[in-house]
Amino acid sequence: MGRRMPLIVLTIVLSLVAVVVLGLDAFTLKTVYVSGASTLTPDEVFNMSGLIMNQSIFRIDTNKATESLKKNPYIEVKSVKRVYPDSLEIQIDEREPAAIIHWLGALIVIDENSVVLEVMQNMGDSRYPVVSGVSVEDFEVGKPLTSTIPHQIELMNTVLGELVYQNAVSFASEISVADLSEVRLITPSGINVRLGAAKDIRKQVQWIRGVIPDLLASGYTMGVLDLRSPDKSADFLPDTPPTPTPKPSATPRPSATPRPSATPRR
């Protein structure tokens, strides 16, 4: 019996060591779940986090990984969390360019929430509208733009956000917010859309989506479209006669009323 005791003790020790080793292996990072990525691949997002596979899940610094991801201004981090025993979950949103602001020779690219995504030196083949009249106070890549004019950024965000929401950004080549009571949107063809204080921007964008295509189809490419009272009418005053000749129903100054084609397109 006395000779068997050391063997029993050794067996117990080895068993405990095996349990510890196997346990540690069970808590190493083996799987990463990435949600919210559209243009980026899960591997690209994981690599940006600075983490490595097969490290102990207890040694993962989720705060550090979050900060590493935030270095990319196009990434908005929702959460980075452990999923025991061997996984990690990264939730992000990808910011998308919504407009460009000219400021002191620089072209500031922003998203719909005025977060600065990058600074360019030339427009290139950019398809994003230019926001004019912004009194820039300060800007930093990855952070929201600030203005010296109170509420100017909030108003700009409201207009841009609704254009993005209704998939109507292509209707704008320029948006002027120099006067907060007289916001203007210029279409690529040159139609000047008066939005007033843009207090009913949802209906105003619905009008834009419904009326502008009809005007262009009738040959009207320039003029003033008054949408300051979207509940009442959409008045259009052309700058030049249309080409081709408009149909009999198209008068020089029509007072448009909502039609089925001008309803929201979700």
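This is a predicted model: local features need pLDDT of at least 70, side-chain atom pairs count only at pLDDT 80 or more; totals for chains, interfaces and linings use all residues.
Local features were considered only at pLDDT of at least 70 and side-chain atom pairs only at pLDDT 80 or more, whereas totals for chains, interfaces and linings use all residues. Residues are numbered from 1 along each chain as its sequence is written, and side-chain values use heavy atoms, with hydrogens and water left out.

The secondary structure of the chain comprises five helices and 15 strands; these elements are DSSP runs numbered from the N terminus, with helices (H or I) of at least four residues and strands (E) of at least two. Of the 266 residues in the chain, 38% are buried (buried means under 20% relative accessible area, exposed over 50% and partly exposed in between, with a 1.4 Å probe and protein chains only). Among contacts with a separation of 6 or more, 50% are accounted for by residues 24 or more positions apart, a contact being heavy atoms within 4.5 Å.

Two packed helices are described by the angle between their axes and the distance between the axes. The axes of helix α2 (residues 42-49) and helix α3 (residues 62-70) come within 7 Å and cross at roughly 115°. Such axes are lines fitted to C-alpha atoms, for helices over the stretch in contact, and angles run from 0 to 180 degrees between N-to-C directions. Helices α2 and α3 are therefore roughly perpendicular to each other (65 to 115 degrees; under 35 counts as roughly parallel, over 145 as roughly antiparallel and the rest as oblique). Val45, Met48 and Ser49 of α2 make the contact with Ala65, Ser68 and Leu69 of α3. The residues of this contact divide into four nonpolar, two polar and no charged; Ala, Val, Leu, Ile, Met, Phe, Trp, Tyr, Cys and Pro count as nonpolar, Asp, Glu, Lys and Arg as charged, and the others, Gly among them, as polar.

The loop between α2 and α3 contains Asn54, which is exposed, with a relative accessible area of 56%. Beyond residues up to four places away in sequence, Asn54 touches Thr28 and Leu29. The C-alpha atoms of Asn54 and Lys30 are separated by 5.8 Å, although the two residues are 24 residues apart along the chain.

The second largest pocket holds about 290 Å³ of space. On a 1 Å grid over the protein atoms alone, a pocket is an open set of points with protein on both sides within 12 Å along at least five of seven lines, and lining residues have an atom within 4 Å of a point. Grid points are joined across faces, edges and corners, and the volume is the space filled by probe spheres set on them. Of the 15 lining residues, Arg95, Glu96, Pro97, Glu112 and Val164 are the closest to the pocket centre. The lining divides into six nonpolar, one polar and eight charged residues.

Glu112 is also in contact with Asn157, as are Asn113 and Ser114; Asn157 is placed in helix α4.

Most residues other than glycine have a negative phi, and most peptide bonds are trans. Tyr84 and Pro85 are joined by a cis peptide bond with omega of about 10°, and Pro85 lies in the loop between β2 (75-83) and β3 (87-94). His151, in the loop between β9 (146-147) and α4 (152-165), has a positive phi near 70° and is exposed at 57% relative accessibility. Asn167, in the loop between α4 and β10 (174-176), has a positive phi of about 55° and is exposed, with a relative accessible area of 64%.

Note on methods
On a 1 Å grid over the protein atoms alone, a cavity is a set of points where a 1.4 Å probe fits but cannot get out, and a pocket is an open set with protein on both sides within 12 Å along at least five of seven lines; lining residues have an atom within 4 Å of a point.
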